Amino acid sequence: MKTKPLFLVISAPSGCGKSTLIDMLLQEYHDIVYSISCTTRDVRGDEEDGIDYHFLKKERFEELIAEGAFLEYAQVHGNYYGTLRRPIEEVLAEGNSMILDIDVQGAAKVRQYIRNLPNTDPLKIGYVDIFINPPSMEALRERLEGRGTDSADVIERRLENAEGEMARAGEYMYQVTNDDLSHAFKRLCDLIDALSGRM
Ligand code: 5GP
């Protein structure tokens, strides 16, 4: 069945299960491709170049900025992060969909970029953004504490960030609450099916 290629942007505060949900979507939909961001930060843990990120030298990143290669980019903690435009255009031209895992500031830049495109552009036609909410701030705190990966002050900072991000959830076309992983996944699938014309 031929479906409409989507340009999906997903944001969520840290600890909302966004990475898990995106992994589940990639397993479910083989025509959705994950957008690998570029960054100048160092490789962490078992991250791999070309899978988790394209790890670039600062000079190369700045060349790409000058060439206009980025759909959006930002500097976070002294490092550059950015989304390349070309892979998204290519994936959509092939009839597949692209999914971006990006924070609210990055999403706002993507939205601005989309706004300035002609109505006939496939990125504009396929554009959908979704914000994933935690069921509550208490639940988010429990999840962050339960992960056991962050210190108490890092958790406080993440919770403050989460509040700031959730205050901007209204900028998104859709919101899904991750109260239960399988329910949230079902809601995302229903949305994608409806928007891409799978049903
Ligand atoms: P980390 O270094 O922990 O992987 O990511 C740090 C921050 O950079 C996160 O908030 C993440 O959302 C953001 N980030 C990752 N990729 C991109 C990107 O392509 N563009 C922008 N604007 N931010 C990104």
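Tutor: Let us begin with a term: contact means heavy atoms within 4.5 Å. Please keep in mind that this is a predicted model.

Student: What does methionine 199 touch, not counting residues up to four places away in sequence?

Tutor: By that cut-off, methionine 199 touches Asp190, Asp193 and Ala194. Methionine 199 is placed in the segment after α8.

Student: Why is methionine 199 called exposed?

Tutor: Exposed means over 50% relative accessible area. Methionine 199 has 71% relative accessibility, so it counts as exposed. With regard to its place in space, methionine 199 and leucine 56 are 41 Å apart, C-alpha to C-alpha, and 143 residues apart in sequence.

Student: How do you know that arginine 86 counts as exposed?

Tutor: The cut-off is again over 50%, and arginine 86 has 58% relative accessibility, so the term applies. Arginine 86 is in helix α3 (residues 85-93). Between arginine 86 and alanine 69, the C-alpha to C-alpha separation is 7.2 Å, while in sequence they are 17 residues apart.

Student: Why is aspartate 31 called buried?

Tutor: Buried means under 20% relative accessible area. The value for aspartate 31 is 18%, so aspartate 31 is buried. This residue is placed in the loop between α1 and β2 (32-34).

Student: What makes the approach of aspartate 31 to arginine 198 a polar contact?

Tutor: A polar contact requires a pair of N or O atoms within 3.5 Å, one able to donate a hydrogen and the other to accept it. The side chains of aspartate 31 and arginine 198 make such a contact at 3.3 Å. Leaving aside neighbours within four places in sequence, aspartate 31 is also in contact with Thr3, Asn96 and Ser97.

Student: How do you know that serine 97 is buried?

Tutor: Its relative accessibility is 2%, so serine 97 counts as buried. Serine 97 is found in strand β7 (residues 97-101). The side chain of serine 97 reaches the backbone nitrogen of leucine 6 at 2.7 Å. Among the residues that serine 97 touches, beyond four places away in sequence, are Lys4, Pro5, Ile32 and Val91.

Student: Which residues are in contact with isoleucine 192, leaving aside its neighbours within four places in sequence?

Tutor: They are Leu6, Leu8, Leu25, Tyr29, Ile32 and Arg198.

Student: Why is the pair of phenylalanine 61 and tyrosine 73 called edge-to-face?

Tutor: Two rings pair if their centres lie within 6.5 Å, and planes over 60 degrees apart count as edge-to-face. Here the centres are 6.4 Å apart and the planes are at 70°, so the pair is edge-to-face. Phenylalanine 61 lies in helix α2 (residues 58-66) and tyrosine 73 in strand β5 (residues 70-76). Phenylalanine 61 is buried at 0% relative accessibility, whereas tyrosine 73 is partly exposed at 34%.

Student: What makes the pair of phenylalanine 61 and tyrosine 80 stacked?

Tutor: Planes under 30 degrees apart count as stacked. The planes of phenylalanine 61 and tyrosine 80 are 5° apart, with 4.8 Å centre to centre. Tyrosine 80 is in strand β6 (residues 79-84), and ring pairs link Phe61, Phe70, Tyr73 and Tyr80 into a cluster.

Student: Which residues surround the ligand?

Tutor: Among them are Ser37, Arg44, Tyr53, Glu72 and Asp103. A ligand oxygen atom is 2.9 Å from an N or O atom in the side chain of arginine 44. For the side chain of tyrosine 53, the corresponding distance to a ligand oxygen atom is 2.5 Å. A polar side-chain atom of glutamate 72 lies 2.7 Å from a nitrogen atom of the ligand.

Key:
Residues are numbered from 1 along each chain as its sequence is written. This is a predicted model: local features need pLDDT of at least 70, side-chain atom pairs count only at pLDDT 80 or more; totals for chains, interfaces and linings use all residues. Side-chain values use heavy atoms; hydrogens and water are left out. Helices (H or I, at least four residues) and strands (E, at least two) are DSSP runs, numbered from the N terminus. Buried means under 20% relative accessible area, exposed over 50%, partly exposed in between (1.4 Å probe, protein chains only). Rings of Phe, Tyr and Trp (its six-membered ring) pair if their centres lie within 6.5 Å; planes under 30 degrees apart count as stacked, over 60 as edge-to-face and the rest as tilted. A residue is near a molecule or strand if one of its heavy atoms lies within 4 Å of it.
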